Amino acid sequence: MPPLRLIDGTLVKQGAEAHVYKSTFLYPNVPCLIKVRPTKPYRHATLDMRLTKHRCISEARLLNRCRSMGVLCPTVYFVDEKRGEIIMEWIEGPSVRDFLHNYIDDASDHGKDENKAIDVQLDALMENIGQTIGKLHDIDTIHGDLTTSNLMLKPRESPGTQVLDTADTSLANSDVVLIDFGLGQVSSSDEDKAVDLYVLERAFLSTHPRATRLFDIIIDSYKRNCLGSSVVLRRLQEVRLRGRKKSMVG
Amino acid sequence: MTIAIGLEGSANKLGVGIIRHTPSKPAEILSNIRHTFVSPPGEGFLPKDTAIHHRSWVVKLVKQALKESGVTIREVDCICYTKGPGMGAPLQSVAVAARTLALLWDKPLVGVNHCVGHIEMGREITGADNPVVLYVSGGNTQVIAYADQRYRIFGEALDIAIGNCLDRFARTLNISNDPAPGYNIEQMAKKGKHLIDIPYTVKGMDCSFSGILGFIDAYAGEMLSGAEKRDPDTRELITPEDLCFSLQETAFAMLVEITERAMAHVGSTQVLIVGGVGCNERLQEMMGIMARDRGGSVYATDERFCIDNGIMIAHAGLLAFQTGFTTPIDESTCTQRFRTDEVFVKWRE
Amino acid sequence: MPTTLSVPHLPSNYRLHIALFTSVTNAAHLHSQLLAKNAEYEYAFIEPSILVSHLQPISAGFRAIHDLLDPDVGLRTPNVHSETVFSLSPTHNITDSYRRFGISPSSTSVLAIKILDTSLASYSESSTLERLASIVEGTEVNFDTKEIRKLTDLSKVKKYYKLKDLGYVDQLYKKKGRTIEEKSEEQAWRDLEGAVLGAMALRSLV
């Protein structure tokens with residue numbers, strides 16, 4: 001099934017899961033993101049079609065659920081589930097991953113006082129992330145793939161807002177936006193929410209190994225802001241131990 | 001030039017290997033012998049019986065290895081053994097043997113992490129320098145990438161390992177454990193053709209097999225007690241071969257997916273598959289397709305090295321030994337739980 | 001004053017011709033002509049009170065043209081104009097969609113859209129726009145979000161698009177006694193637009 005010319009845009013990312021293009025939707029001043037899940041030749045064709053369609057539909061539904069209920073994520077503009085394509089709102093701004101990466105590189109260039117100022121901003125960002133995930137779990141939604149690449153920093157809308165770059169650390173004017181819900185689901189289970197956090201913890205610490213302190217702030221913020229946090233965090237302890245305690249025979 | 005003898009017995013395979021390292025030359029395998037404890041069909045291998053097996057065979061294997069390699073006791077520089085992870089009693093048996101040799105021959109001991117053994121042997125044999133590693137065996141399913149002197153775990157099975165899943169599935173279908181349940185599943189899968197819709201579970205960089213196991217246990221159980229299962233399209237009867245086929249296609253697709261995610265995350269194009277399940281040709285094929293799709297390649301070793309063996313312990317042990325690492329006798333314990341990322345990989349940048 | 005527009009990702013020879021009218025006096029006539037399936041009146045006559053932004057009807061037109069051109073999908077209604085009205089709906093109920101999102105005899109404002117393949121020899125932009133400007137008896141205003149929002153009936157929008165969950169999490173936190181930063185009016189409109197566009201996009205997945 002060839003796509004209906006739906007890929008009029010510049011390839012922005014060729015991720016493991018999908019190809020992502022930047023384009024415009026309806027009007028030249030409405031930037032959009034086109035996400036295409038290509039067939040994976042290593043998979044059995046039936047399995048491949050089933051997975052692609054399921055993930056496309058699942059993602060579109062979850063994005064819409066979050067957007068209406070008040071968790072920041074891109075607006076869904078158009079879905080073609082047979083081709084595994086979603087057109088959604090373009091989120092301007094770096095991913096938290098790129099932002100942290102640049103910060104860690106920049107840190108060595110600054111004097112001590114500037115570092116302190118940046119630290120305060122970073123703590124605020126972690127606080128925001130904890131709140132956002134807390135909100136997500138409070139609407140019984142599991143992201144399924146929480147990594148710092150799936151958290152975007154979007155400058156708040158006001159005329160003349162500059163796009164965030166590494167030098168501009170005015171994080172006070174940014175929102176944390178969740179993207180990439182292909183592995184997500186609706187669930188009220190504490191186990192699922194704990195695993196969601198566990199995935200983020202592992203992804204966070206493996207990508208930013210010197211950032212343990214920052215991750216702790218995320219958990220602390222989640223604890224204070226998410227209504228169901230105490231049960232989930234207790235469960236998280238169990239999930240962590242499961243990883244450590246697994247009988248690794250053979 | 002340094003020579004090490006390595007002893008491996010963390011599960012049902014007892015391996016003894018002797019390796020020689022010469023500067024600026026590839027490692028030389030002087031001997032690599034193994035003996036496997038095979039349990040009857042429908043049964044798994046128990047720690048007690050496995051330990052007995054290892055104790056019965058270790059002296060014979062060590063003698064044979066020395067003879068084959070032509071190495072004298074004097075030439076051996078260190079005794080390497082699997083410190084963990086693995087099954088308690090079998091690990092202990094082999095550790096006792098290692099300690100005995102160390103005391104008898106007056107040689108230093110080197111405790112080795114089993115997973116690191118697989119990784120280092122894989123790198124040595126295939127020449128893959130810095131690949132993403134998929135380590136898949138009866139007890140382990142991990143996606144590993146090297147960074148900052150640690151083998152960091154990027155993704156793993158959250159509940160049971162793929163090999164364990166395959167073994168238990170073989171048990172349900174009464175498939176023979178000789179030479180290995182996974183091998184027999186692989187051969188049966190080649191004759192299967194209907195793809196049954198079974199649970200596919202990837203969560204971020206991790207995956208989960210308990211869903212598959214639960215489903216397929218129930219399904220196979222129904223089949224074996226007489227219920228007729230037919231393919232919805234062709235109306236043909238579903239066979240155990242179809243089950244093996246479906247299990248592989250689904251479970252391996254999950255492994256390839258989490259490996260691909262890690263590769264995208266760290267920006268790598270090379271994959272190295274190690275561990276017993278890494279012998280599976282379908283898994284290698286699928287991984288290869290994915291790697292080539294990304295402009296890279298897959299590396300795998302043959303059954304001499306993917307299945308647990310002593311030479312990988314000798315090799316990894318020798319790498320550590322050469323950085324000055326030894327394990328004092330009173331610290332030469334074993335541990336059932338020994339995370340891959342706990343090892344300080346001093347021998348790499 | 002009517003607007004002509006072709007959209008990215010669809011063949012550029014397909015164009016939408018759009019005009020928005022207030023103080024409309026001939027809604028009953030237009031409605032009866034639609035029911036009579038009079039070819040001269042083959043337009044998408046949209047009820048503006050269910051609109052929240054200019055993107056909404058265009059998105060519906062996009063879906064209609066896309067489905068028209070997709071051999072695996074095709075139209076579910078008689079023509080691309082009725083399909084446009086149907087595409088405003090979050091559900092598959094066609095009759096409901098005409099009733100809710102199309103004009104009624106008592107409509108006082110009308111959004112008219114004509115979709116044509118401009119590569120056809122019979123096409124003339126000037127006569128299309130002339131006809132568009134005259135077919136509705138009322139005052140033509142700019143087709144833009146500012147004008148549209150003057151006509152929005154919020155309770156109807158929330159009802160027809162089933163937006164009871166809109167802003168749920170903030171309500172939840174308020175109930176628990178937290179102070180929630182009030183959203184600006186613009187942000188509230190944006191959220192509404194996002195929810196509506198999303199509901200339309202997900203129609204095929206329901």
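User: How many salt bridges does the rule find across the interface of chain C and chain A?
Analyst: Three, in this predicted model.

User: Why is the pair A:K82 and C:D70 called a salt bridge?
Analyst: The closest N and O atoms of A:K82 and C:D70 are 3.8 Å apart. The cut-off is 4 Å between a Lys or Arg side-chain nitrogen and an Asp or Glu carboxyl oxygen, so the pair qualifies.

User: Which elements of chain C give two or more residues to the side that touches chain A?
Analyst: α2 (55-69), α8 (168-175) and α9 (185-201) of chain C. α9(C) gives the most, with eight residues. By class, this side of chain C has 22 nonpolar, 10 polar and nine charged residues.

User: What area is buried between chain C and chain A?
Analyst: About 3400 Å², with carbon and sulfur atoms giving 62%. The contact takes 41 residues from chain C and 40 residues from chain A.

User: What makes B:E257 and A:R43 a salt bridge?
Analyst: Their closest N and O atoms are 3.9 Å apart. That lies within 4 Å, and the pair joins Glu to Arg, so the rule counts the pair. Across the interface of chain B and chain A the rule finds eight salt bridges.

User: Which element supplies the largest share of the side of chain B that touches chain A?
Analyst: α7(B), with 10 residues. This side of chain B holds 22 nonpolar, 13 polar and 16 charged residues.

User: What area do chain B and chain A bury between them?
Analyst: About 3500 Å², 53% of it on carbon and sulfur atoms. Here 51 residues of chain B are in contact with 33 residues of chain A.

Conventions:
Residues numbered from 1 in each chain as written. Chains lettered and ligands numbered in written order. Predicted model: local features only at pLDDT ≥ 70, side-chain atom pairs only at ≥ 80, totals over all residues. Heavy atoms only, no water. Contact = heavy atoms within 4.5 Å. Buried area = accessible area lost by both parts, 1.4 Å probe. Helix = DSSP H or I, 4+ residues; strand = E, 2+ residues; numbered from the N terminus. Nonpolar A, V, L, I, M, F, W, Y, C, P; charged D, E, K, R; others polar.
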